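Hi everyone, thanks for coming. Let me put the structure up, and then we'll walk through it together.

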Amino acid sequence: MTTLYRYRFGSSVLDESSSELTINGLAVDIQPQSLRLLNALLRHRGEVVSKKELEEQVWSGRLLGENVLASAITRLRSVLGESNAGLIEAIPRIGYRIAIPVQRTVVGQGYASALELAVGQPAPERPGFVLERMLGQSPAGEVWLGRNGKSGKAHVYKYAADADQLTSLKREATLAQMLHEQLGDRKDILRILDWNFESAPFFLEAEYGGEDLLAWSQVDGRLASLSLDSRLALFLQIADAVAAAHSVAVIHKDIKPANILIEPQGSGWQIRLADFGSGRLTDDQRLAALSLAEIGAAGPQTILSDDARGTAMYIAPEIWRDMPSTERSDLYSLGVLLYQLMIGDLRQPLLPGWERQLSDTLLIEEIRQATDGDPAHRTSSVAVMIANLRSLPQRHIERQRQIEAQEQAQRDRRALARERASRPWLLALIGTLFLAFGFCLYAYLNLRDSERALERQNANIEALNQFMSNDLIGQANPSLTGQSDISIKQAALLAAQKIDAPESHYSPEVHLALHVAMQENLEALENHRAAIEQAEHALGLVQGMDHPDQALLDRLRVTYARSLTNLTKLDAAEAQLDLAKASLLRPGAKASETLAWYWYARGNLAGARFRWSDRLDFNRQAGEVLAKLPYASISLKENLIARNISTNRILGKLDIAESMAREYLKTNQQRYGQAHFLTCQAGRRLAEALVALRKLSEGLPLAENMVQCMRKASGNESNFTASMYTVLGNAYLQDRQWAKSAEAYLQAAALFERLNGGAITQSLLCARINAAIARNLDGHPELAKPVLLQSLADAGRIYSSADHPVIMTARYNLANTLLDLGLWRDAGEQLAHLDAKQLNAIDPKPSWQAQINYQLGRLARMQGNKQVAIDQLESAFKQMQASDPASITLPIQKVRDELTRAQQLAS
């Protein structure tokens with residue numbers, strides 16, 4: 001190491017550490033030769049420096065013409081200006097000296113070359129370039145700044161100490177060539193211009209990218225003076241460079257401020273990522289396409305090896321445990337660097353309690369996830385980290401909206417409770433309760449002789465009256481509950497909880513009758529979870545009888561199956577229906593309302609499994625049973641009409657669906673009026689059909705109106721209202737109003753989740769997935785990705801089959817989103833599991849195979865498999881032309897553009 005000084009003489013200052021000359025406080029341009037000459041004179045301040053000494057130090061002892069030194073002194077005097085020109089005194093026949101006092105102060109340490117390189121010496125093997133100063137030194141070699149004497153252009157030379165130290169240089173050269181071939185010229189990755197591995201001194205030659213980030217940050221508090229947004233912008237430049245390297249399977253492995261260069265560009269700063277000497281290639285298949293002949297013996301064993309570790313402060317924990325480095329190891333280093341940049345101190349390590357130095361909770365979450373000690377729990381890739389950081393403003397807005405939405409939901413719930421505080425709902429609930437109670441009591445008493453039945457009849461009626469007055473109607477009495485705003489759902493739930501209370505002394509038949517009655521009421525009120533609890537209580541009581549009534553068991557099981565289906569417990573629902581089937585379909589069995597509901601429940605189950613033709617058949621059988629009954633359940637009849645319309649629509653029979661829906665709406669308007677719930681339900685079916693037919697001028701306004709209609713008829717907190725929001729979301733999607741579509745689907749998802757007590761249901765999953773699709777189409781794949789990941793995980797918990805259509809749909813859209821984010825490896829994992837047949841089950845209209853081929857084509861292009869990409873995309877284009885040329889979610893023009901891009905890359 002050598003000491004570096006700052007010299008002050010007259011009005012001039014020369015700083016050896018930065019090679020900067022200032023006169024009267026202003027920096028002046030000075031050629032390398034003049035700078036070396038001035039430096040030699042100042043180093044010998046107060047002394048006469050002979051001509052021979054100057055020639056040796058400035059021109060490295062080369063033979064010079066007679067007037068070369070004199071001309072150089074003249075140029076130096078010109079640079080110093082008229083007021084300082086006399087400071088250089090000529091001593092005849094001897095040499096020159098600085099004629100005034102010189103102040104010298106230490107400003108740092110320089111390097112003494114172990115390779116016998118010196119300031120002012122011509123750069124070995126590089127004519128025209130002169131070594132200006134040493135930038136760094138290690139046992140492996142030295143780094144020098146060289147400058148062209150004519151153009152003034154600066155290059156950086158990295159020299160190896162000897163042949164044994166060539167590995168790092170060859171590794172860096174190999175990876176640099178690969179990065180350039182795969183990525184082209186990039187401003188954010190330092191360009192390696194040339195190399196010499198044939199004879200000593202061995203070196204790499206690179207463009208000059210400016211100061212290293214650490215040195216830059218310490219000049220006049222540059223980093224600390226930047227705004228947080230400007231610091232984040234610097235980090236994103238670094239991360240973009242790393243992500244680009246990762247996209248071609250190159251890991252840097254030594255990300256730190258010293259390997260990041262920065263120089264002014266316009267009014268800002270340009271970052272360059274440098275020194276891939278510790279890096280490695282993670283995909284050996286890419287070597288086949290790489291031209292290595294010019295580099296020499298860099299070979300796979302060099303660039304695929306994982307021996308270099310990096311710098312301690314930035315090394316990921318798994319590297320210390322001798323685990324292989326991965327892209328997530330680089331991610332850890334970036335997380336540390338992001339923290340340092342955001343606090344304005346590149347020397348501060350990431351220590352416990354670091355979060356207290358930051359106030360942005362979203363930024364803290366990003367750093368915490370990037371620096372997780374377990375790589376499996378880190379952010380999945382640098383590209384995702386970049387997307388998350390670039391979307392911070394939108395995410396802050398989104399988080400604030402969520403907070404406001406939660407507050408609004410609380411206000412809505414309070415308003416809903418007040419809205420439903422009126423008493424008329426009691427009449428309907430009591431009527432339904434009496435019917436169910438009467439059926440169950442009749443079935444139970446049928447098992448006893450008539451005399452015993454008569455003896456207990458009065459006691460049972462008295463018990464029912466007690467339940468009605470105290471437990472059900474009493475819930476609306478403020479003097480008993482302390483509340484004045486009890487809703488119908490709350491009252492039913494509270495009353496159900498009273499049935500088995502210790503203070504209740506009901507007979508077994510009354511217990512049974514009340515559980516069955518409350519089960520059916522709670523299912524009608526869409527509280528499926530509570531309905532299931534009541535069904536299980538009732539089944540336990542019936543099965544505990546010596547001679548249980550089969551009709552009662554059948555009725556219980558069918559209603560129980562409907563509740564289970566609504567909570568996506570499909571296998572359990574089918575088991576209950578199978579138990580009821582033997583009795584209901586036995587030879588000689590009569591038509592009954594329970595049998596009609598049985599076929600309807602079978603249709604529900606078929607729909608939940610996307611077996612649309614089966615659902616139509618089951619609905620038909622339910623209708624045939626109803627036609628044989630002396631009376632028809634209005635509720636079941638209306639449900640069958642609505643389901644038949646939607647099933648025809650899904651099967652692509654759009655004209656039939658539209659015709660049925662128009663007739664259904666007209667009939668219900670005449671029968672019930674404009675604002676009745678059943679009229680809103682009919683309007684929903686027509687809106688669905690019109691949107692499917694792309695008749696948006698009529699369908700979209702109708703969907704918007706039906707949301708308001710359903711909110712008034714069914715309430716804000718209703719599964720029917722939630723379902724109507726999904727219809728509106730699809731209408732906005734077809735109209736390319738992506739943001740509105742996402743908002744409508746998210747409102748539906750929030751309602752489904754809240755109404756079902758947080759249970760994961762098929763309705764909730766579909767609403768979430770559709771919201772993510774809309775987010776992606778709106779240009780926000782970074783917002784879609786976490787929703788799809790969560791949906792895929794939740795779907796895996798409720799479906800027993802890995803190829804379930806909902807799982808397939810989540811996988812497809814996740815793959816699409818990952819490809820939009822450039823995460824082709826993760827996307828490939830999802831595409832490998834896709835099955836067009838299963839996807840066709842959930843929506844038979846689009847050509848799913850074409851869409852899968854399109855995504856496979858994108859994947860192949862990103863992997864560099866050019867011909868595979870073209871083949872897949874050509875197939876996708878032909879299939880989309882034939883089957884779904886008007887697709888909204890995958891426009892055929894998008895497929896055409898992707899194909900053109902692949903063809904251009906191959907040419």
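Let's start with contacts, meaning heavy atoms within 4.5 Å: among those in the protein chain between residues at least 6 apart in sequence, 64% join residues at least 24 apart. This is a predicted model, where local features need pLDDT of at least 70 and side-chain atom pairs count only at pLDDT 80 or more, while totals for chains, interfaces and linings use all residues. Residues are numbered from 1 along each chain as its sequence is written, and side-chain values use heavy atoms, with hydrogens and water left out.

Of the 907 residues in the protein chain, 51% are buried, that is, under 20% relative accessible area with a 1.4 Å probe, counting protein chains only.

The chain has 38 helices and 18 strands; these are DSSP runs numbered from the N terminus, helices being H or I of at least four residues and strands E of at least two.

Now a sheet. It is open, with 5 strands in the order S9-S10-S11-S13-S12 and antiparallel pairing, where pairing takes at least two DSSP bridges between two strands. At the edges sit S9 (129-138) and S12 (192-196), each pairing on one side only. Inside the sheet, S11 (residues 154-160) pairs with S13 (residues 203-207) over 5 bridges, in the antiparallel sense. What is the bridge partner of Tyr157 in S13? That would be Glu205.

Finally, a helix pair. Glu638 and Arg649 are among the H25 residues that meet H27, whose side of the contact includes Arg685 and Glu688. The contact residues divide into 5 nonpolar, 1 polar and 5 charged, with Asp, Glu, Lys and Arg as charged, Ala, Val, Leu, Ile, Met, Phe, Trp, Tyr, Cys and Pro as nonpolar, and the others, Gly among them, as polar.

Conventions
Buried < 20%, exposed > 50% of the residue type's maximum accessible area, 1.4 Å probe, protein only.
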